[in-house]
Amino acid sequence: MTHVSLAATAAYLPEHWMTAAEVGVRSGIPEQVIVEKFGLRGKHIAAADEHVSDLSVRAAETLLAEAGVDPLEIDIVMYFGSTWKDYAVWQAAPWIAHRIGATRAYAVEYDNVSCGTPVALRLARDMLLAEDELRTILVVAACRESYLLDYGNARSRFMFNFGDGAVAGLLVKDGPANTVLGCHGITDGSFSLQVKVPSGGSVSPNGGYRFLDVADPAAMKNGLDRVSLANFVAAARGAVERSGAELSEVGYLCGIHMKPSMHRALVAELGLDESRAAYLDDTGHMSGVDPLFALDRAARAGELREGELVLLLAAGTGYTWAASVVRWGP
């Protein structure tokens with residue numbers, strides 16, 4: 001039976017690391033609060049001339065070199081990272097494909113927010129299963145949203161954990177290991193207008209506030225407190241059930257960076273030990289990059305066990321909760 005494998009992954013982090021103490025100085029929030037309540041020891045910050053396409057190319061080139069893949073073998077290059085890219089109205093995927101030498105590839109743009117990884121795996125898997133001639137898809141994402149933070153804006157303080165980085169994954173048809181299984185998602189559009197950069201779109205094309213903002217922080221927090229944990233679990237359960245399994249069979253969680261209290265509650269609801277759940281306290285939140293980055297890090301550290309189900313779980317403003325499942329090993 002035809003299946004899709006996650007054959008290789010790689011990541012890239014910018015050189016500069018901003019410590020929790022530095023975040024505290026910029027924001028006026030005590031360092032201890034940044035570390036204990038935000039769950040952030042520090043985060044990587046892209047150089048001023050290091051853009052989303054540059055970050056993406058670094059991750060993709062590492063993957064190709066390590067996996068020994070000829071870029072001419074790639075059928076599709078799919079960008080699924082931050083919507084804030086090198087230019088305001090522009091596609092990153094064609095430029096990334098060109099720069100890595102994937103000149104035969106069809107470029108697909110799935111730019112998204114923090115729910116990016118699970119949905120990208122779902123789209124890539126479905127494309128490979130649906131089209132006989134497709135064999136290989138390179139998915140790549142980057143985030144540079146640290147530059148969208150105004151540390152003087154208390155409304156957006158929950159996003160002060162945003163850092164920069166990139167990740168790439170190679171999906172192949174009928175590969176020998178790491179099968180991409182079921183996926184599931186849930187959307188609640190009532191939160192859609194809460195988090196945004198107000199300037200730059202057709203509503204306000206030429207001016208206004210050019211950083212991330214929250215329309216009504218109290219309403220957003222109260223609303224998410226009621227539904228977020230349940231929706232995370234529902235997305236996870238849906239993906240696992242579509243994989244022909246149960247939540248109790250999940251062996252490792254690769255999620256997004258979130259505050260420690262929510263992370264602990266989620267791990268408990270999924271029935272996992274905290275040692276079996278990645279926590280990115282040294283990178284912060286990198287939009288859609290997090291879950292695939294966490295998987296790459298765990299795989300390199302030898303933390304993933306052969307045969308176990310790895311759950312890639314995320315949520316993104318909009319608001320969408322999404323999950324994908326990978327069975328690790330042959």
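Biologist: Which residues are linked with Asp296 and Arg300 in a network of salt bridges?

Modeller: In this predicted model, local features need pLDDT of at least 70 and side-chain atom pairs count only at pLDDT 80 or more, while totals for chains, interfaces and linings use all residues. Residues are numbered from 1 along each chain as its sequence is written, and side-chain values use heavy atoms, with hydrogens and water left out. A salt bridge requires a side-chain nitrogen of Lys or Arg within 4 Å of a carboxyl oxygen of Asp or Glu. The residue linked in a network with Asp296 and Arg300 is Glu66.

Biologist: Is Asp296 buried or exposed?

Modeller: Asp296 pairs with Arg300, their closest N and O atoms being 3.0 Å apart. Both lie in helix 8 (residues 290-300), four residues apart; helices are DSSP runs of H or I, at least four residues, and strands are runs of E, at least two, numbered from the N terminus. Buried means under 20% relative accessible area, exposed over 50% and partly exposed in between, with a 1.4 Å probe and protein chains only. With a relative accessible area of 6%, Asp296 is buried.

Biologist: How many residues apart in sequence are the parts that Asp213 and Arg155 tie together?

Modeller: Asp213 forms a salt bridge with Arg155, at 2.9 Å between the closest N and O atoms. Asp213 lies in strand 10 (residues 213-214) and Arg155 in the loop between strand 6 (136-143) and strand 7 (165-173), so the parts tied together are separated in sequence by 58 residues.
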